[in-house]
Amino acid sequence: MSDLHGYYLEDITVGMSASYAKTITEADVVLFAGITGDDNPVHMNAEFAAETAFGQRIVHGMFSAGLISTVLGTRLPGPGAIYLDQQVSFKAPVHIGDTVTATATVEEIDERRRRVKLKTVCTVKGKVVAAGHATNMVDRRPQD
């Protein structure tokens, strides 16, 4: 693995895992809303959110999914891999100030198709807030 290229298919084994953690700030939520256009008041308006089942503002679910992308694109498989698909289920809310840890663990490797399937999980204080699976296409090691 280098700064410009992550793991090659030949270097990946079932069970390998990598994580990324981020503490979510007010600025993160506002910027995410601005970038995506998702200004749902449950994310942006404290008075509105107080009247919902959550009792307070919640962070966009896709913010957590974005942290999965960080793991896949920068750690495992890392730079050079192509993110093909993601299935994600949101299990619990994330709040401003929470530290979300996104983890990806290799579950299957299809050598012929160069596909790596990973289990993806986001947690806050050990509680699962999002879970699913992702598939990446990974380069083979260049032949000399």
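Predicted model: local features only at pLDDT ≥ 70, side-chain atom pairs only at ≥ 80, totals over all residues.

Student: Which label does Lys22 get, buried or exposed or partly exposed, and which does Asp28 get?

Tutor: Buried means under 20% relative accessible area, exposed means over 50%, and partly exposed is in between (1.4 Å probe, protein chains only). Lys22 has 23%, so Lys22 is partly exposed. Asp28 has 16%, so Asp28 is buried.

Student: How many salt bridges are there in the whole structure?

Tutor: The search finds four. Another one of them joins Glu26 and Arg57, at 2.8 Å from N to O. That pair links distant parts of the chain, 31 residues apart: Glu26 is in helix 1, and Arg57 is in the loop between helix 3 (46–50) and helix 4. Helices here are DSSP runs of H or I with at least four residues, strands are runs of E with at least two, and both are numbered from the N terminus. Glu26 is partly exposed at 38%, whereas Arg57 counts as buried at 15%.

Student: How do you know that Arg114 and Asp139 form a salt bridge?

Tutor: Their closest N and O atoms are 3.6 Å apart, so the pair passes the cut-off. Arg114, at 25%, is partly exposed, and Asp139, at 28%, is partly exposed.

Student: Why is the pair of Phe32 and Phe63 called tilted?

Tutor: Rings of Phe, Tyr and Trp (its six-membered ring) pair if their centres lie within 6.5 Å; planes under 30 degrees apart are stacked, over 60 edge-to-face, and the rest tilted. The count comes to one aromatic pair. Its ring centres, in Phe32 and Phe63, are 5.4 Å apart with planes at 55°, so the pair is tilted. Phe32 lies in helix 1 and Phe63 in helix 4, so parts 31 residues apart in sequence are tied together. Phe32 and Phe63 are both buried.

Student: What else is buried in helix 4?

Tutor: Besides Phe63, the buried residues of helix 4 include Leu67, Ile68 and Val71. The buried residues of this helix pack against several elements, among them helix 1 (26–36) and strand 3 (99–110).

Student: Why is His60 called buried?

Tutor: His60 has 2% relative accessibility, so His60 counts as buried. The place of His60 is in the loop between helix 3 and helix 4. Leaving aside residues up to four places away in sequence, His60 touches Val29, Phe32, Ala33, Asp38 and His43, where a contact means heavy atoms within 4.5 Å.

Notes
Residues numbered from 1 in each chain as written. Heavy atoms only, no water. Salt bridge = Lys/Arg side-chain N within 4 Å of Asp/Glu carboxyl O.
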